[in-house]
Amino acid sequence: MTGAPAARGEPFIRLVGVKKVFRTRRQEFLAVSDATFDVNEGELVSIVGPSGCGKTTLLKIVAGLHPHDGGTLEIGGAGSDFDPARDVGMVFQQPLLLKWRRVLENVLLPAEILGLPMGEARERARGLIDMVGLAGHEQKYPYELSGGMQQRAAIARSLVHDPRLILMDEPFGALDALTRERMNLELLRIWEQSRKTILFVTHGIAEAVFLGTRVVVLTAGPARMADRIDIDLPRPRTLDMKTHERFGSYARRIYHLLGVE
Amino acid sequence: MGPGLSAQTIWRWTAVVLVHLAVVLVWYLAVKVGEVPKFVLASPEETLLSLFDTYPWFHNTMVTTAEIFGGYFLAVVVGVGLALLFSWFHTVDNLLMPLVVSLNMIPKVALGPLIIVWFDYGIQTNIVIAFSISFLPILITTARGLREVEPDLVDLVRTLRATQWQIFVKIQLPGSLPYIFSGMKVAVVLAVAGAVVGEFIASDSGLAYLIGQVQVTLDTAAMMMAVILITLVGVALYLIVLGLERLVVVRDARVETV
């Protein structure tokens with residue numbers, strides 16, 4: 001925690017009416033319309049919606065990769081020391097590890113790019129590799145790891161420069177169902193240990209409810225934000241919570257919002 | 001793979017040797033049993049013994065080796081260099097890449113006589129011919145390798161405000177190495193062919209030149225020996241490239257060709 005004074009009552013991320021239009025020569029395509037929600041520091045907010053609803057675009061806007069065409073986006077609160085280069089970590093659906101680097105060297109990539117002191121970074125990377133459960137695999141190449149282990153390495157990489165915000169774009173979407181459940185629990189543990197703010201994009205409704213302190217629901221065609229739901233389930237969350245009545249009612253509400261009855 | 005030879009490696013190399021010996025055996029039997037005349041097909045031992053004839057084997061082998069290696073080295077430098085230029089300057093890429101594709105369609109062998117007109121005959125000319133045949137595949141595969149960068153990966157480093165140079169050095173270039181080597185492996189065969197063509201058309205030394213000379217006297221054994229020596233030079237170059245690839249490219253990333 002940075003303990004910035006901005007934390008007092010002010011959200012860490014504030015989106016008000018954020019809009020994004022993609023223009024090709026022939027037509028305009030509304031990718032995100034009127035996204036309005038807050039994320040407090042230390043929260044894990046899920047963004048759920050069908051494919052093509054603009055959730056990846058929204059994430060990339062927050063990451064600073066796309067400019068937005070309307071509305072306001074504030075990160076870090078007024079007058080805070082949020083550095084967009086250093087304070088964002090990303091995890092994608094594919095692990096995107098460099099095939100020619102060992103796990104440790106892969107995890108160190110952001111530190112190298114930012115020019116951080118490498119001795120310290122190396123220490124930190126080892127600690128993170130431990131934390132994501134890859135101890136003993138530091139010197140392996142990506143092809144020697146399973147899909148789940150590769151994604152663990154990608155998570156460690158997103159944390160190595162100690163960013164305040166982690167953006168995850170369907171990070172477990174390419175994994176089998178069982179590994180995915182396991183990674184959900186791991187992510188919650190990592191989140192609680194690292195105290196980071198996480199924006200988690202998924203199309204899995206159960207996953208969104210299970211992980212999130214809050215769920216933002218986006219619908220497709222036309223892309224728009226349907227609702228924000230606070231998830232009031234006890235922590236630490238356990239797998240048997242998925243059979244709770246309250247879990248079910250949250251999920252039902254989201255199904256309803258997305259037009260699946 | 002760790003140091004030392006695994007059982008699998010030993011078995012693979014044993015198989016390589018056995019297959020080659022089998023070919024020599026079939027060759028031997030074909031000549032002996034089939035009673036093929038010596039001027040049509042010389043036996044393995046006659047072929048080997050031709051090395052003791054008065055032909056300047058060593059000199060000619062050195063000349064051909066110099067042509068193949070020289071042309072090949074030039075092809076790697078120019079091929080990879082141009083590909084880098086193409087990837088840095090999009091206008092150059094857009095302008096010249098279509099041209100490269102057309103040039104690739106030219107049967108380069110047919111250019112041999114022209115190149116000799118331009119450069120006179122000799123080692124340097126055959127180096128140019130070997131180069132001109134073998135550099136295009138290297139250029140094309142390298143350019144492709146430099147283009148094959150995962151867009152999400154670029155996004156990932158762009159959030160960290162990576163410079164263009166960092167992206168190139170840390171992601172693009174190492175990522176293209178498997179492609180570069182795949183092009184280089186194809187180019188070995190072409191460089192050998194280029195040197196041979198040059199020597200056939202006009203030359204006063206080299207193994208292919210020697211083939212032309214001894215053909216007149218129907219010394220089949222010497223002709224076959226020259227072919228074998230040219231092949232060995234090619235194999236040596238191929239093994240060097242393969243060894244280099246093993247050094248710099250991680251196993252999983254290697255592109256399997258031949």
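The following questions and answers concern a predicted model.

Colleague: What conventions apply to the numbering and to the values?
Modeller: Residues are numbered from 1 along each chain as its sequence is written, while chains are lettered from A and ligands numbered from 1 in the order in which they are written. Local features need pLDDT of at least 70, side-chain atom pairs count only at pLDDT 80 or more, and totals for chains, interfaces and linings use all residues, with side-chain values taken on heavy atoms, leaving out hydrogens and water.

Colleague: How many helices and strands does chain B have?
Modeller: Helices (H or I, at least four residues) and strands (E, at least two) are DSSP runs, numbered from the N terminus. Along the sequence, chain B reads α-α-α-α-α-α-α-α-α-α. Its C-alpha atoms fill a box of roughly 75 × 55 × 25 Å along the principal axes. The count for chain B is 10 helices and 0 strands.

Colleague: What percentage of the residues in chain B is buried?
Modeller: Buried means under 20% relative accessible area, exposed over 50%, and partly exposed in between (1.4 Å probe, protein chains only). Chain B has 258 residues, and the buried part makes up 44%.

Colleague: Is Phe73(B) buried or exposed?
Modeller: Phe73(B) belongs to helix H3 of chain B, residues 57-88. Phe181(B) is 108 residues away in sequence and 13 Å away in space, C-alpha to C-alpha. The relative accessibility of Phe73(B) is 58%, so this residue counts as exposed.

Colleague: Which residues touch the most other members of the largest nonpolar core?
Modeller: A nonpolar core is a set of buried Ala, Val, Leu, Ile, Met, Phe, Trp, Tyr and Cys residues joined through side-chain atoms within 4.5 Å. The largest one has 93 residues, and those touching the most other members are Ile13(A), Phe37(A), Leu58(A), Ile155(A), Leu167(A) and Leu199(A).

Colleague: How many residues are in the second, separate core?
Modeller: Its members include Ala83(B), Leu84(B), Ala191(B) and Ala195(B). The size of this second core is 43 residues.

Colleague: Which backbone oxygen does the side chain of Arg214(A) reach?
Modeller: Arg214(A) sits in strand E8 of chain A, residues 214-219, and counts as buried because its relative accessibility is 13%. Leaving aside neighbours within four places in sequence, its contacts (heavy atoms within 4.5 Å) include Glu43(A), Val45(A) and Asp230(A). At 3.4 Å, the side chain reaches the backbone oxygen of Asp38(A).

Colleague: Where is Leu218(B), which has a positive phi?
Modeller: Most residues other than glycine have a negative phi, and most peptide bonds are trans. Phi of Leu218(B) is near 55 degrees. The residue lies in the loop between helix H9 (207-216) and helix H10 (220-248) of chain B.

Colleague: What is the phi of Asp34(A)?
Modeller: Asp34(A) is part of strand E2 of chain A, residues 28-39. With 46% relative accessibility, Asp34(A) counts as partly exposed. Although Asp34(A) is not a glycine, its phi is positive, at about 50 degrees.

Colleague: What is the omega of the cis peptide bond from Arg235(A) to Pro236(A)?
Modeller: Pro236(A) is placed in the loop between strand E9 (224-230) and helix H8 (245-257) of chain A. For the cis bond from Arg235(A) to Pro236(A), omega is near -5 degrees.

Conventions:
A polar contact is a pair of N or O atoms within 3.5 Å; within protein, one must be able to donate a hydrogen and the other to accept it, and residues adjacent in sequence count only if both atoms are side-chain atoms.
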